[in-house]
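I opened the structure and kept short notes on what I looked up. The entries follow in the order I made them.

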Amino acid sequence: MPDWLATLLISLLKAVLVVLGLLTTFAYMTLIERRLLGRMQLRPGPNRVGPMGLLQPAADAIKSIFKEDLTVTLADKLVYTLAPIVAIGMALTAFGGLPAGPAGSLFGENPWVYNLDTGILALLALTSMGVYGIFLGGWASGSKYPILGGLRSSAQMISYELGMGLSLLGLLMIVGTTSFHGIVGWQAQNGPMILFQSLGFVLFLISSFAETNRTPFDLPEAEQEIVAGYLTEYSAIKWALFQMAEYVNMITASAVMSTLFFGGWKGPQFLNALIPGISDWPLIWLIVKIAFFLFLFIWVRATLPRLRYDQLMRFGWKLVLPLALANTMLTAAFLAFRGSGGLWFLGVLSLAGVLALLVLSDRVRTLWNQPSIRPEGDIVRAGGD
Amino acid sequence: MGVLEIAKGMGVTLGKLFQKPVTVSYPEQRATLQPRFRGRHILTRHPGTNLEKCIGCSLCAAACPAYAIYVEAAENDPAAPVSPGERYAKVYEINMLRCIFCGMCEEACPTGAVVLGNEFEMADYRSRDFVYAKEDMLVGVTGSIPQRREATRLGKPVRLGFQLDGGQPRAELEGVKYP
Amino acid sequence: MMLAFILLGALAIVGGVITIAAKNAVHASLGLVGTLLCVAGLFATLNASFLAATQVIVYAGAVMVLFLFVIMLLNANQPVTERDPVPYVRELAGIGGTLLAGAFVVLAFTFKDPRPLAEGAEALRGGSALVMGETLLTRFLLPFEAVSILLLVAIVGAVALVQRPAAQPDGVPDELEEPVGAPQEERRQVPRGAAPALMQTRGAQDGEVRA
């Protein structure tokens, strides 16, 4: 077998494995999420199918595959079918670039599907393409609620993409590379990035909740206002594909947060004293970190109610974006003028920023939570916010 | 501090995660009902003489807002009376599909004959099976029509899917025993 | 790599043809998205990965979404069936296209490398963000800053354009005050700020309508 063919086949195999892994995780995420939500609401959650409800994902899969696949008469057939494929395709592709272990650690192969110099940029590019799935799905359904849902969700995702990208700039300036390997390697030497970029991490966390359409930012699916948003006219497997895309995006966001701010696939160094080389084991550390963030997603969903749409937009534009810019400026200024000062000072500054934000959280709330009732006699004009 | 409240809320949900769920796995475990729960009707008897309390006056049928009750009265045979009065209910039927379990029949009854019990598991397949006759509701009959049918088919006693908070049915349900 | 390049190039052309030929505006813009993605792929095959990522983020991910936004909000996805609103637009476009093609041909035959390709490739070293940033902020600093000022001007201009006119003394903005159905001539004769007079005009007209 020629060399390039072997490489191609191995890459393909790894891609298939990643896809299978992601989809299995998605299936069991739905179960775990429902169980955890149930327990947090003092009920057991789904426990009927199989022992402890463990076969529930299989039942759900069978149901969504064999359900009638409806197509609305007014739908644009091509785009209507294309939209869920775009959504899930982009979501799955985005995950492949994340390294899960040191080079050559997975049976002699590299534990990633593709490795780009522009790792984080490529990932942002792919996730930004994910907007199309939602947007086109809403438009192609040919009915009113989906188009409203599609419009507001794409507006939301575009708005928070900016804050998301900007909140990473400080990190990129410190590390000086956009490749995931470089970022993980830097953190292995200098400690996890969360220490130096806590403000950036908080902003990134908030933006990634908005980007993955999770509570408290799950406006696209606000049942009370727009039925199910862009999902309204979808059924059966196409609906399941959208759902998959949401969960895969969630997994990817968790993996990105672990990689960028929590040391990626490397475990904590002090454990090496107990078991030599444990911090270099592939997969395990990344999976643990992803699991933590997935739990955070579920936990927040169990706790927080949904924001109103105008609050969401104001929050994104008036708080997250300026703060991300401020974080960028702060980091840039520090790097330019630090002289021989250590990075820990930046960490203290960043932490002070987060604390100030927490203390001032009631004051800044007026930024996005102003009462929209105007005094009588003031003319209400069309448009606005 | 607005964020503090969010943190408090997160703490509450996390704490609940480790609490025992309040819901029970219903068909396997018995649900707990309050004694005042209004379920399927019971036609009671006088405890000493074992005569039916119902005297066939049809006041329950008149009071019923859903027109679910049908009563046909007949004269008592003095030698073997069914009820202590002059007349008794020859036919006493309640259509459980129409019944809204409001308890007005119980309030209207002058002798306390019809009382709302606690049974609620009455789901069945055919609408004619929802018309409960006297022999389905007289005190001592445990279970709804489908439950008793299922019990005979399997040869097991009727199993009611609930238990009462406090264990005792209320006083009006004379002679009724629930698990 | 060569195969991928040719394939992506062909796909980019197909996307471009769809953009022009599609009757439905949404399909057309999707064709454009395809073209932009293929161009990003072309960049990637040429080892310009930073450019590829930026292309996708900026053009396919942001600009085209805004295009689609406008199409959907204005419900412009109906096929155009009327005659061309601009006279001779096809002829003019044909002439323009021919001129452009001619310019490209001339360019292709007279093109000279500013410096040898190998040296350029060496300078770009795989086109990562580091090299791009270095080049942009040292050698091309002036054009880079000029472009950013241009974009700033565009943003300020956009904000200025959507600014609502200040309210008149009576609290009614100008455009709301325009009498319904009033002939343009008459409106021009009324001096600005003469709101009471305008109100009277409108009242008189309302009376006429009622009569």
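**Entry 1: the sheet in chain B**

I started with a strand pair: 7 bridges join β3(B) to β4(B), and the two strands run antiparallel. I note here that the model is a predicted one. I looked up one bridge in this pair and found that B:Glu72 has B:Val91 in β4(B) as its partner.

Next I followed β4(B), residues 87-95, to its other partner. It is joined to β6(B) by 2 bridges, and this pair is antiparallel too. Which residue of β6(B) stands opposite B:Ile94? I found B:Tyr132 there. I also looked up B:Asn95, whose bridge partner in β6(B) is B:Val131.

Put together, these are 3 strands in an open sheet, in the order β3-β4-β6, with antiparallel pairing. I then asked which strands of chain B stand at the edges. They are β3 (69-75) and β6 (131-132); each has a single partner strand, so one side of each has no neighbour in the sheet. For background, I wrote down that strands of a sheet pair through backbone hydrogen bonds, either parallel or antiparallel.

**Entry 2: chain C by itself**

I counted the elements of chain C and got 10 helices and 0 strands. Chain C has 211 residues, and buried residues make up 16% of them. I also checked the contacts in chain C with a separation of 6 or more: 46% of them are between residues 24 or more positions apart.

I picked one helix pair in chain C, α1 (residues 2-21) and α2 (residues 25-45). Their axes come within 7 Å and cross at roughly 160 degrees. Angles over 145 degrees count as roughly antiparallel, and α1(C) and α2(C) are therefore roughly antiparallel to each other. I recorded the crossing of α1(C) and α2(C) as left-handed.

How many residues of each class are in the contact of α1(C) with α2(C)? I noted 11 nonpolar, 10 polar and no charged residues. On the α1(C) side the residues include C:Ala4, C:Leu8, C:Gly15 and C:Gly16. On the α2(C) side, C:Gly31, C:Leu32, C:Cys38 and C:Val39 are among them.

**Entry 3: where chain A meets the other chains**

I looked at the contact of chain C with chain A, which involves 17 residues of chain C and 20 residues of chain A. Which helix gives the most to the side of chain C that touches chain A? It is α3 of chain C (residues 49-73), with 11 residues. By class, this side of chain C has 11 nonpolar, 5 polar and 1 charged residues.

**Entry 4: helix α9 of chain A**

I checked how helix α1 of chain A (residues 3-40) packs against α9(A). The angle is about 105 degrees, and the axes are 9 Å apart. That makes α1(A) roughly perpendicular to α9(A). The residues of α1(A) in this contact are A:Leu22, A:Leu23, A:Thr25, A:Phe26 and A:Met29. They meet A:Met244, A:Tyr247, A:Val248 and A:Ile251 in α9(A). I noted the classes as 8 nonpolar, 1 polar and no charged.

I stayed on this helix, residues 236-261, and picked A:Ala255, which lies in it. Is A:Ala255 buried or exposed? It has 27 other C-beta atoms within 10 Å, and 20 or more make a residue buried, so A:Ala255 is buried. Leaving aside neighbours within four places in sequence, A:Ala255 is in contact with A:Phe95, A:Leu98, A:Leu286 and A:Ile290. I also looked up A:Ile287, 32 residues from A:Ala255 along the chain; the two C-alpha atoms are separated by 8.2 Å.

Most residues other than glycine have a negative phi. I noted two residues of chain A with a positive one.

A:Met52 has a phi near 55 degrees. A:Met52 is in the loop between α1 and α2 (56-66) of chain A, and with 14 C-beta neighbours inside 10 Å it counts as partly exposed.

A:Asn213 also has a phi near 55 degrees. Where does A:Asn213 lie? I found it in the loop between α7 (198-211) and α8 (223-226) of chain A. A:Asn213 has 21 C-beta neighbours inside 10 Å, so it counts as buried.

Note on methods
Residues are numbered from 1 along each chain as its sequence is written. Chains are lettered from A and ligands numbered from 1 in the order in which they are written. This is a predicted model: local features need pLDDT of at least 70, side-chain atom pairs count only at pLDDT 80 or more; totals for chains, interfaces and linings use all residues. Two residues are in contact if their C-beta atoms, placed from the backbone, lie within 7 Å. Helices (H or I, at least four residues) and strands (E, at least two) are DSSP runs, numbered from the N terminus. Ala, Val, Leu, Ile, Met, Phe, Trp, Tyr, Cys and Pro count as nonpolar, Asp, Glu, Lys and Arg as charged, and the others, Gly among them, as polar. A residue is buried if 20 or more other C-beta atoms lie within 10 Å of its own, exposed if 12 or fewer, and partly exposed in between; C-beta atoms are placed from the backbone. Two strands pair if DSSP finds at least two bridges between them. Axes are lines fitted to C-alpha atoms, for helices over the stretch in contact, and angles run from 0 to 180 degrees between N-to-C directions. Angles under 35 degrees count as roughly parallel, over 145 as roughly antiparallel, 65 to 115 as roughly perpendicular and the rest as oblique. A crossing is left-handed if the near helix is turned anticlockwise from the far one by less than a right angle, and right-handed if clockwise.
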